[in-house]
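These are my notebook entries on one structure, written down in the order in which I looked things up.

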Amino acid sequence: MIKTLLNTAFFLFAFGLSAQTIDVNAPCLGTTFTFTLDPTESPDASGRNVYFYEPASIEIQFNTELDRWEIRARGGNFDVYYHNDYASAPNPPDNMTAAWEDNAICDGTGLPTVTGDGTQDNLGEDPCAELGGDSDGDGVCDANDRCPGEDDDLDQDNDNIPDACDDNPTVPDGVLVQAPCLDADQPLILLPARVDETGRNVYINETYQVEVRYDAELARWEVTAEEPGEDVYFYNEYPSFPDPPASSEYPWTETGTICTGSMVTVSGTGTQIDLGCTMTIAFDDIIVTPTSCPGGADGSISVTAMNVRGSIGYTLDGVTNTTGVFTGLATGEYAFTARDSAFPETGPYACQIQVPLFVQAGVDNELPTITCPESVTVATDPGTCAATYSYGAPQALDNCSVASTLLKTGMESGAAFPLGTTTVTYETTDGSGNVAECSFTVTVEDTESPTAVCEPALTVDLDDVGVGILSADSVDVGSMDACGSVLVSLDRDTFNCDDLGEVSVMLTVTDEAGLSATCSTLITVVDAQGYCASTPVRDLFGGARLSRLRLAPNPAQDRVSIDLSAVDAEPGRKMNLSVFNSLGQKMQTLTLEYPQEGWYSLDTNQLPSGVYHLLLESGRKPVASARLVVEKN
């Protein structure tokens, strides 16, 4: 068989060709003809380029049989004007490299000049190097040779296929037409010539100029004159593919014009006895996708037909396309047809496959999604221990459908949420019963301070050792909080001789959230037993009004802390802290450096139970005092 020519574009690239031209000035032609590279014919079977002058239909081409370049009429090895035996490649030689000789038509008229960038001045490279070589040396590259490596001229059955490459060297590989109206003595041998637009073979007998070809418009094979529109001798409505039907199986009919009443026999290797419908659809070539959701309409069917002669048409319930892909399908059964366009669309000779296809309903195993509001912290409503809070509705989504979204735990939007943290959970269910849930929290915090209520005034009487105690409960007369119990405390609960008269105390009310409020009570401190007027105390402090040191605890047992932060003294000065008993006797003296950070801790383990007076001096000058009560268990 003749091998397919390699792609022209490849050779244009390989040989670096562009719009090359050759100028031929010859007396026989009468003027200068400019030939241009013919990309549709280049390279030819020998691997060389062909140049063409269209106005006169003259070409410059290499003749492989005579091994020479020729300037000739297009269409065959006749009307040769000039030739050149210099077998350069891929382009012809210019006349300076090798003289062009006149041929029969232009004999004696004078030699031509051949120039231009489409000529060359050397033999060039092997033109068949890129085309598989020339193994039989016949000038035709193996890639284009009908029978590479063999003699193409040995053809016993004259079917234009060399014997060495002919599977039936003694039987013509074509169509034999035995018809007395065409040749009374012997059958006509029609050889393969080309493939028509339907993909069927066309057979020709050049001598009789008779063809066997398929008439797509009339959907029939014909034995007809070679020129279109000429006489039709016989026809056959069996639309076999790719070759005409043998008359032994499907008789041919004369047209009733030229071959009226004539019998015809059509046979040979170029005929066939079957329709040639080879289309198949394998099980793996049918893909049916169910709908993604029950009751959905997004199913699909994809079918691929194989071994098709022509183009393929796919039809599904009356809808036709050429891809075989049908989408947007609901659940159900569909009538499917695949048809090969190389055969009649309907009737007994149609090449088609019909099958029922079913799109199943999808199974939804995908859980829905639900998004809850963000967790929040809110303050209690004024005067209550709860917060009225409204939140946005949870957003539920599903690949198919959402059936319901319900509150599972917690409180509805707009409800009064209690103090603390409440977890709210919503649950959503899709149409297939798949469930998902989400949660968020609403934390209610108490930000409202308690209410402090104090006695307006109270009296505290010092005892026989000069100490008076005041309880917070005696000052509190109804302090409260909306969210529960409260703790009450006084900024001071112990009084001594330094406090005689009116003293303001502060009650601090603290709720469970740590919020607090205060109120004040005016305390009148009296010394009914006259302790503060005793001599030791009067002499010790000289009646001076000193800053009072804060003590805690007081009364104390083993240790008491003294707050020195309020002492007004010169920084860096040494200070003495003296401890006196109730008789004015000094029990001990400690040296401190001012300022003393924070609280100073005084060990009272060596002091027996009783009342003691503390005196803080700076440079022998009293600056602060306090009364300490020590109570041993």
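I took a disulfide to be a pair of cysteine sulfur atoms within 2.5 Å. The model is predicted, so I kept to its limits, with pLDDT of at least 70 for local features and 80 or more for side-chain atom pairs, while totals for chains, interfaces and linings use all residues. Residues are numbered from 1 along each chain as its sequence is written, and side-chain values use heavy atoms, with hydrogens and water left out.

Entry on disulfides. I noted nine disulfides by this rule. In one of them, Cys128 and Cys141 have their sulfur atoms 1.9 Å apart, and the torsion about their S-S bond is about -80°, so this disulfide is left-handed. Both cysteines lie in the loop between β8 and β9 (175-178), so the pair ties together parts that are 13 residues apart in sequence; strands here are DSSP runs (E, at least two residues) and helices likewise (H or I, at least four), numbered from the N terminus. Cys128 is buried at 3% relative accessibility, and Cys141 is buried at 0%, where buried means under 20% relative accessible area, exposed over 50% and partly exposed in between (1.4 Å probe, protein chains only).

I then looked up Cys181 and Cys259, whose sulfur atoms are also 1.9 Å apart and whose link is right-handed, with 85° about the S-S bond. This pair links distant parts of the chain, 78 residues apart. Cys181 is partly exposed at 29%, whereas Cys259 is buried at 1%.

Entry on a sheet. I traced an open sheet of eight strands in the order β15-β14-β13-β12-β11-β10-β9-β16, with antiparallel pairing. At its edges stand β15 (253-254) and β16 (265-267), each with a single partner strand, so one side of each has no neighbour in the sheet. Within it, β12 (210-215) and β13 (220-225) pair over six bridges, where pairing requires at least two DSSP bridges between two strands. Glu211 has Thr224 in β13 as its bridge partner.

Entry on Ser479. I found Ser479 in the loop between α2 (472-475) and β34 (486-490), and at 11% relative accessibility Ser479 counts as buried. Its side chain places a polar atom 2.8 Å from the backbone nitrogen of Val453. Beyond its neighbours within four places in sequence, Ser479 touches residues including Thr451, Leu507 and Val509, contact meaning heavy atoms within 4.5 Å.

Entry on domains. I noted that the centres of domain 1 and domain 4, taken over C-alpha atoms, are 93 Å apart, with bounds from an automatic or database domain assignment.

Terms used:
Polar contact = N/O pair within 3.5 Å; in protein donor to acceptor, adjacent residues only side chain to side chain.
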